[in-house]
Amino acid sequence: MADPLLEDVGALLREAAADVVVPLFRRLDDADISEKAPGEVVTVADRKAEALISAGLRRLRPDSVVVGEEAVAEDPSLLRHLRGAGDVWLVDPVDGTSNFAAGRRPFALMVALLTDGVPAASWVYDPLDGTMATCRVGEGTWLDGTRARTAEREPVAGALRGTAMTRFLPPDFRRSVEAGGARLGELLPGQHCAGREYLDVLTGDQQFVLFWRTLPWDHAPGTLLVREAGGVARRFDGTDYHPADDGKGLLVAASEEIWNEVRAALLGD
């Protein structure tokens with residue numbers, strides 16, 4: 001049976017991509033790109049897409065609160081809603097903005113719904129290849145209309161493929177992670193787009209991904225998608241990730257067995 005909420009929000013992301021984001025890809029002027037923090041860029045596409053998506057989400061649930069990445073840049077106090085009552089939407093209008101601004105792929109549009117502080121549903125959409133992942137808590141993950149099960153594709157020992165986002169890791173930690181990757185199989189440098197990394201875990205293109213920074217709009221959607229598909233998304237100490245937590249480090253894997261193997265190889269005991 002079709003899920004109206006999953007379909008309605010998915011349609012909203014497709015609309016934002018088709019009307020705002022994709023038409024501006026590789027067509028930005030210098031005036032369309034600015035720096036909102038040292039090393040962090042924002043584009044006119046981020047702002048326009050967030051406005052469109054936020055308005056649409058409020059129409060779907062008029063009493064809800066929207067916490068968008070660009071809105072938080074202007075008003076960080078919005079983050080208090082992530083453990084609040086009622087429905088709260090987390091929006092990343094263009095995940096992978098640095099790629100988008102440079103005319104590179106991938107990038108994605110992402111939304112997560114929290115109800116009374118608990119992740120309840122999520123969406124990740126890659127508009128260039130048309131991939132849409134959706135889920136409801138307790139009801140599984142769907143990838144382009146097909147049920148996704150990450151744990152059904154167990155690779156042989158020593159043949160794992162995954163990503164370590166090392167850019168923000170402390171230097172000593174980075175060296176340890178890079179050395180440990182050789183024991184796993186193939187360690188990839190990352191795509192600078194969290195949404196695409198999560199999609200690649202769902203598709204089986206990789207079996208794990210390690211992040212250092214864990215901003216809520218980057219990870220609330222993907223962690224729920226992976227969990228509902230049978231995977232694992234936890235802090236390095238084994239505690240579950242929650243978007244309201246203020247911490248560093250996140251390891252995502254296609255199964256419990258893979259999570260334990262990757263943690264031992266990259267982080268030690």
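**View 1. Aspartate 144 in its loop.** Aspartate 144 is partly exposed, with 46% relative accessible area (buried is under 20%, exposed over 50%, partly exposed in between, using a 1.4 Å probe and protein chains only). You'll find aspartate 144 in the loop between β8 (141-143) and β9; helices (H or I, at least four residues) and strands (E, at least two) are DSSP runs numbered from the N terminus. Its phi is near 50°, a positive value in a residue other than glycine. Most residues other than glycine have a negative phi.

A quick note for all views: this is a predicted model, where local features need pLDDT of at least 70, side-chain atom pairs count only at pLDDT 80 or more, and totals for chains, interfaces and linings use all residues. Residues are numbered from 1 along each chain as its sequence is written, and side-chain values use heavy atoms, with hydrogens and water left out.

**View 2. Histidine 192, another positive phi.** Here phi is near 60° in histidine 192, again a residue other than glycine. Histidine 192 sits in the loop between β11 (185-188) and α6 (194-203), and counts as partly exposed at 42% relative accessibility.

**View 3. A cis bond at proline 106.** Arginine 105 and proline 106 are joined by a cis peptide bond, with omega about 10°. Most peptide bonds are trans. Look for proline 106 in the loop between α4 (97-101) and β5.

**View 4. The open sheet.** Seven strands line up as β3-β4-β5-β6-β7-β8-β9, with mixed pairing; two strands pair if DSSP finds at least two bridges between them. β3 (65-68) and β9 (146-148) each have a single partner strand, so one side of each edge strand has no neighbour in the sheet. Further in, β6 (residues 118-126) and β7 (residues 131-136) run antiparallel, joined by six bridges. Tyrosine 125 has methionine 132 in β7 as its bridge partner.

**View 5. Helices α1 and α2.** The axes of α1 (residues 4-24) and α2 come within 9 Å and cross at roughly 160°; axes are lines fitted to C-alpha atoms, for helices over the stretch in contact, and angles run from 0 to 180 degrees between N-to-C directions. The two helices are therefore roughly antiparallel (under 35 degrees is roughly parallel, over 145 roughly antiparallel, 65 to 115 roughly perpendicular, the rest oblique). Residues meeting here include Leu12 and Leu13 in α1, and Leu52 and Ile53 in α2, where contact means heavy atoms within 4.5 Å.
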